[in-house]
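Visitor: I have a structure open and would like to talk it through. Can you take me around?

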Amino acid sequence: MTDSPALVRPDRRAELAAGLARVRARIADACAAAGRDRADVTMIAVTKTYPAADVVALAGLGVTDVGENRDQEAAAKATLVAAAGVTARWHFIGRLQRNKVKSVIRYADVVQSVDSVRLASALDAAATAGRDRPLEVLVQVSIDADPARGGTVPDSTDPDIGLGPVAAAVAAAPGLRLAGLMAVAPLGWEPARAFGRLAALAEAFRAEHPQATALSAGMSGDLEAAIDHGATHVRVGSALLGMRPTLR
């Protein structure tokens, strides 16, 4: 990271403001169409590959929630943003390796990608030792029951990756707070089908864990369908920030 986060080019600020206005309008329209209160849906700006300066600019435009999916990038970016005097609510949304949990708990307010009992246990140990308050956790669920892309498996008998065992492990962990579910629409699925399935899973999940009401679903291309099916958080990258720089 070599950017100076306190210095945001006026043209870039204008680009971000325009992107934010478009996304906010889409969210408002989707909430109206679904008969939902706009205040019930939080937009998470997914800033992976974008500089800390963009996070600072978005904060100045009223964006409070930021998502990252790689610890090395996120840790450095969070440090730069804090040094610029900006407070953001950081969501870790990528697949998380257990050897990264001690780093992630230092800056993340929420981890959205817990998908195994072993990961929950590692996060709990790190959070208990390294934080003064519980870490919020969303359990990632695989809508099509294929864990290859990450996610717990509903109705699985595997005690490490079954949705029930993972949720129970998080709920029982003193260093964690079970906040809800996260999911990504499977490749090749129509968004309405994917999020309809997720809504059914979320309803059953809340019956077991009534305080865990968050549902993180939907991205730039399918946020309307996600909101229609009850998403409380949408994760928006390209529609907000533009096409991503090529990963190196």
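Visitor: What kind of model is it, and what is left out?
Guide: It is a predicted model, where local features need pLDDT of at least 70 and side-chain atom pairs count only at pLDDT 80 or more, while totals for chains, interfaces and linings use all residues. Residues are numbered from 1 along each chain as its sequence is written, and side-chain values use heavy atoms, with hydrogens and water left out.

Visitor: How many helices and strands?
Guide: The protein chain has nine helices and eight strands. Helices (H or I, at least four residues) and strands (E, at least two) are DSSP runs, numbered from the N terminus.

Visitor: Why call the chain as compact as a globular protein of that length?
Guide: Because its radius of gyration is 18 Å, close to the 18 Å that the globule rule gives for 248 residues. That radius is taken over C-alpha atoms, and the rule is 2.2 Å times the number of residues to the power 0.38. The C-alpha atoms fill a box of roughly 55 × 45 × 30 Å along the principal axes.

Visitor: What share of the residues is buried?
Guide: Of the 248 residues, 50% count as buried. Buried means under 20% relative accessible area, exposed over 50%, and partly exposed in between (1.4 Å probe, protein chains only).

Visitor: And the contacts, what share join residues at least 24 apart?
Guide: 64%, among contacts between residues at least 6 apart in sequence. Contact means heavy atoms within 4.5 Å.

Visitor: Now H6. Which of its residues are buried?
Guide: In H6, residues 163–172, the buried ones are Leu163, Val166, Ala167 and Val170. They cover an arc of only 95° around the axis, which puts them on the same side of H6. The arc is that of the directions from the helix axis to the C-beta atoms.

Visitor: Why would residues three or four places apart point the same way?
Guide: An α-helix has 3.6 residues a turn, so residues at that spacing point the same way.

Visitor: What do the buried residues of H6 pack against?
Guide: Strands S4 (110–114), S5 (135–140) and S6 (176–182), along with helices H5 (117–130) and H7 (191–208).

Visitor: What about Asp109, where is it and what does it touch?
Guide: Asp109 lies in the loop between helix H4 (101–107) and S4. At 16% relative accessibility, Asp109 counts as buried. Beyond its neighbours within four places in sequence, Asp109 is in contact with Ala88, Arg89, Trp90, Arg133, Leu135 and Glu136.

Visitor: Change of topic. How much space is in the largest pocket?
Guide: About 520 Å³. Of the 24 residues that line this pocket, the closest to its centre are Ile93, Arg149, Val184, Met219 and Arg235. By class, the lining has nine nonpolar, eight polar and seven charged residues.

Visitor: How are those classes drawn?
Guide: Ala, Val, Leu, Ile, Met, Phe, Trp, Tyr, Cys and Pro count as nonpolar, Asp, Glu, Lys and Arg as charged, and the others, Gly among them, as polar.

Visitor: How many cavities of 30 Å³ or more?
Guide: One. The largest cavity has a volume of about 30 Å³, and its lining divides into seven nonpolar, two polar and no charged residues. H7 gives the most to that lining, with three residues.

Visitor: How do you tell a cavity from a pocket?
Guide: On a 1 Å grid over the protein atoms alone, a cavity is a set of points where a 1.4 Å probe fits but cannot get out, and a pocket is an open set with protein on both sides within 12 Å along at least five of seven lines; lining residues have an atom within 4 Å of a point. Grid points are joined across faces, edges and corners, and a volume is the space filled by probe spheres set on the points.

Visitor: Last one. What is the phi of Thr49?
Guide: Thr49 has a positive phi of about 75° although it is not a glycine. Thr49 is in the loop between strand S1 (42–46) and helix H2 (52–60). Ala145, in the loop between S5 and H6, also has a positive phi, of about 65°. Most residues other than glycine have a negative phi.
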